[in-house]
Structure formats: structure tokens, C-alpha cells
Amino acid sequence: MTWNIDTSYKALPKMFYRNEGPREYRDLKLLKLNELLAKELGLDVQALKSEDGIKILAGAKLPEGVGPISQAYAGHQFGHFTMLGDGRAMLLGEHITPDGKRYDIHLKGSGRTVYSRGGDGKAAVGPMLREYIISEAMYELGIPTTRALSVIATGEDVYRENLLPGAVLARVASSHLRVGTFQFAATNTSKDDLKALTDYAINRHYPFLNKIENEQERYLEFLEEVVKNQAKLVAKWMLVGFIHGVMNTDNVTISGETIDYGPCAFMDIYDQATVFSSIDYKSRYSYEHQPSIAVWDLSRLADAMITLFSDKQDDAVKFASEKIKKFDIYYYKEFFNGMRKKLGLLGDKEDEDRVLVYGLLALMEKYKADYTNTFIDLTFDNLEENGLTKSDEFKKWYDLWKTRLSSEIKNGIAKENQAFELMKSSNPAIIPRNSSVEEALEEASKTGKIDKFEKLLKALKNPFEHNELQKEYREVEKTFTRKYKTYCGT
Ligand code: AMP
Ligand code: MG
């Protein structure tokens, strides 16, 4: 099958988007195609690899009847409100798969739009391959995310600190509706338009809410769904040590998918204060701040929607606040369920679990242990000799944990080996470590070869398999981690 595009977004009022036309590039070359994803979407791999197929993936040619758009949105960037929009991307359209699922096909790096402000609308090969590898790693880890379908080199130069080769990433998302889209509606459109947007979001992501007849109640439940999905998402990030790096409200989706892999990175050594982004001077988006920042961002969604919750403002604020407060409930539930699995615990003993989880994390922080590898070692009961494992504090913790595991077997809560199986399927053998990601991207940017990229991508597949290839990426480069900075790639 080829593209089957129907852009329902265009039924929204005109303010929400601009029409875009085909783009021109110098010389397109397919760098990477996600063949498995293409097949999942019901697309013909050979057709995508053809000259016309590549042109479509870069926006240089449009499938028949397709009219791309750029979407309007606003957002709080590092706390400051700004009008934004697709400044370096366009939505080719919504592709409908043979089994009826609808996905946005977004072309990132496709040139200037009316929303570009001072920017050139372009993207470089390195950052687009980076988004590819990290979003696919997240997918394999079981974390809701946009996905990468292809990266096409454009043959053009992109001017950053130095000249870089240009690229277009085709990104697949369940939608690109963001908190920022609602902020745009609240500031630039009428209440009816805001309602139209909310109805659209409900139909697209939470259609089961339509059975709620009372409109204000329905909109409040919508807010709760977004709060719930974001809470679960951020908890999943925390469980794998992922730091998004730029949790501006325009990068917070309504669907609950991770979006916009800019300055994100995975933590190596466990340190709650970790920040990688070169522009995050005040550590706003550090590892430990992610849950509270998500609450802040979701409160901006509530602000934007406030007129829809009640005719009386005080009531509207009260109702919305109740929904926002539910974040903690959803977050901690997901986080502790995840942590229990990481420690192989089947029973739920709230207070004891807290002692075990926070106890271990505190010791990892004190002894500068690698987050991912510590959990792998616990899984296989094969502890590396290091500051953590040699400490008496850890030995005490370890005994407490082992006692709990044996008591679960004694009490019939767990069967022999069950804890191991649970831990193995909850503790990834591999994360995209900063050093290996950088190495792969450097090779691609300098030589145009993607051998290291492909090898890393292969290792990141099925991270709970714990295979030999994955073990090659275990090494922690401590000096690299400490100095590592990420850039937005704009
Ligand atoms: P991001 O940091 O990727 O979430 O982008 C934030 C905003 O800046 C979005 O509105 C982007 O479209 C816009 N933007 C980022 N890079 C560029 C660029 N090179 N040219 C034009 N707009 C850009
Ligand atoms: Mg963004």
C-alpha cells in the first residue's frame, strides 16, 4: 500500500494551521528508513525507497490529493510565554493504516514556514539521527513516544556554529496536539474555537469521553486523562533515567507520547540533579524536577481551558485544581509499580517498598553508581566491585532486600525464579548512552556512513533480552558523562 492520507486537522478553524506546498532541495539521499515501522504502517518499503518515495518523505513531492500544513501553537519556553508553531516542520498529513489507525506524518527540517520567526526552518543530519535513535530506543523500552520513519539527507548546508549537512526526519505520532496548541487557542481564538479544538482532541485520543453528556464534566475528564497519561509517561522516564531536557509546554503532548528529542539524554551515574542541556542554566528541567515541571505544564493546560470548566470562575479553578492534584496519585502509582518490578517484588507493601526503593537510590547517589548497570547487576545477582557494593550500608540494604524476596517465596506471593524473570524484563540491558550515541552521530556527520548508528540501533532493540551485543555497550565513560552537554540542534 502507498500513502493513505486524510488530514482531519484541516476541519478545525483556519487559525490553527497554514497550508504548505512542496519543498525544493538540492540532492536528496535516503540515509535511513525504518522498514519495520513502514510495514506496521502498511506502507510499501520498496515504494518508499524509490526516487518518488524519497521525495515524498522529504516533502519534495506530494502524494496525489495531499496538501500539507504547518500547525500553529504557543508555549511557555523556560517559563516564558511565546507564540510558536511549526517553524521547521510541516505535517504531510494523517496516514490511516490498513487496520484503521491514524498517525501524523511530520517532516522535520523541511524549511521555513510562516512560524519560523528568525530561523531557517532546517535541521542537520546529526540531530535528526539523534532523534531517530533515541525515539526508537524509547519505543523499545516500552515508553510512549513519537517514532522515526526516515532520515533523508538534503544535500544542503545548514549554518549553525559551523556548516552542517542538512536532513529531514519523517516523524510518526498519534498526533501533534500539545499543551501549547491549547494555549494558542486560548489566546488567539474564540471560546467556540477552543471548544472545537478540545472536541477534536477528545475524538482523536479519548473518544470514550464522548459518552459523558454534560459538556463541562466531559472537558474536566479530558483534563484528567491528559494529567494521567503525562504522569505515567514521566514516571516511565524516571524509571529508565531519561531526561527530556526541554519540557516546555509546546513539547508536552495531549496523547501522552514523548515528543521532541532535542537536548535529551539518559543519566549514567545516578544523580538527581543531572542536567545535560547546554541552555538549561537554572536546572529547570533536571532529572529530579521532571515530575513537578510536568505539573506546572499541565496547570498551563488547565489555565488555557478554564472557561470550559464552569460558568463561574471560582468553581472552574477549583475543579481544575482537583484534576491537577491527581497527578501525584497517578505518578507515584506508576513509579512504585515500576520500581517494585525493577527489584523483583511481587507483593505491594507500601512502607517497606519505600524504604527499599529510596534506600537504594540514596546509596546509588552517595556512591556515584551507574543507574542502569546497578539494576542489571542486581537482576543477575552479579555485583560489580565498586564503591557502592563494597560499602557496609549497601550490604545492609542488600540483606534487607534479599530477606524481603525470600519472604515473598515463603508466603506464597512469589514462585522460585519469578523475581529474576520480573527483574530481567524490567531492567534494560542497554540504554542509548551518551558516548555511544555521539560516536555514531559523529561518524554519520563526518563520513556519511551509518555503520555505528546501525550497530547501536540493533543493540537497542529488545533491551530486555540481555544479549551479547548489548553487553558491549555496558561500559560507562565517567569522564564523558560528567562533561557531557547536549544542544538543541536548531
Ligand atoms: P523545539 O525546540 O524544537 O521544540 O522548537 C521550538 C520552536 O522553535 C518551534 O516553534 C520550532 O518550530 C522553532 N524552531 C526550532 N528550530 C527552528 C529553525 N531552525 N527554524 C525555524 N524555527 C525553528
Ligand atoms: Mg518542540
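How many aromatic pairs does the structure hold? The structure holds 25 aromatic pairs, where rings of Phe, Tyr and Trp (its six-membered ring) pair if their centres lie within 6.5 Å. One of them joins Tyr 331 and Phe 335, whose ring centres are 5.9 Å apart with planes at 10°, so this pair is stacked.

The model is predicted: local features need pLDDT of at least 70 and side-chain atom pairs count only at pLDDT 80 or more, whereas totals for chains, interfaces and linings use all residues. Residues are numbered from 1 along each chain as its sequence is written, chains are lettered from A and ligands numbered from 1 in the order in which they are written, and side-chain values use heavy atoms, with hydrogens and water left out.

**Aromatic residues of helix 9**

A pair of aromatic rings is described by the distance of the centres and the angle of the planes. Planes under 30 degrees apart count as stacked, over 60 as edge-to-face and the rest as tilted. Tyr 331 and Phe 335 lie 4 residues apart in helix 9 (residues 313–342), a separation of about one helical turn. Helices are DSSP runs (H or I, at least four residues), numbered from the N terminus. Tyr 331 is buried at a relative accessible area of 5%, and Phe 335 is buried at 6%; buried means under 20% relative accessible area, exposed over 50%, and partly exposed in between (1.4 Å probe, protein chains only). Phe 335 also pairs with Phe 336: the ring centres are 5.5 Å apart and the planes stand at 85°, so this pair is edge-to-face. Phe 336 is buried, as is Phe 335. One aromatic cluster is formed by Phe 327, Tyr 331, Tyr 332, Phe 335, Phe 336 and Tyr 358.

**Charges over rings**

Two arginines are placed over ring faces as tabulated below. The criterion is that NZ of Lys or CZ of Arg is within 6 Å of the ring centre and within 35 degrees of the ring normal.

| Charged residue | Ring | Distance from ring centre |
|---|---|---|
| Arg 178 | Tyr 73 | 3.9 Å |
| Arg 284 | Trp 296 | 4.7 Å |

**Helix packing**

The axes of helix 4 (residues 125–140) and helix 15 (residues 434–447) come within 9 Å and cross at roughly 140°. Axes are lines fitted to C-alpha atoms, for helices over the stretch in contact, and angles run from 0 to 180 degrees between N-to-C directions. Helix 4 and helix 15 are therefore oblique to each other; angles under 35 degrees count as roughly parallel, over 145 as roughly antiparallel, 65 to 115 as roughly perpendicular and the rest as oblique. On the helix 4 side, the contact (heavy atoms within 4.5 Å) includes Gly 126, Leu 129, Arg 130 and Ile 133, and on the helix 15 side Val 437, Glu 438, Leu 441, Ala 444 and Ser 445.

Helix 11 (residues 371–379) is mostly covered, with 9 of its 9 residues buried. The cover over these buried residues includes helix 7 (215–240), helix 9, helix 10 (350–366), helix 12 (387–390), helix 13 (392–410) and helix 14 (418–424). The axes of helix 10 and helix 11 come within 11 Å and cross at roughly 125°, which makes helix 10 oblique to helix 11. Leu 360, Leu 361 and Met 364 of helix 10 meet Tyr 371, Thr 374, Phe 375 and Leu 378 of helix 11.

**An exposed loop residue**

Asn 411 is located in the loop between helix 13 and helix 14. Asn 411 is exposed, with a relative accessible area of 54%.

Technical notes. Helix = DSSP H or I, 4+ residues; strand = E, 2+ residues; numbered from the N terminus.
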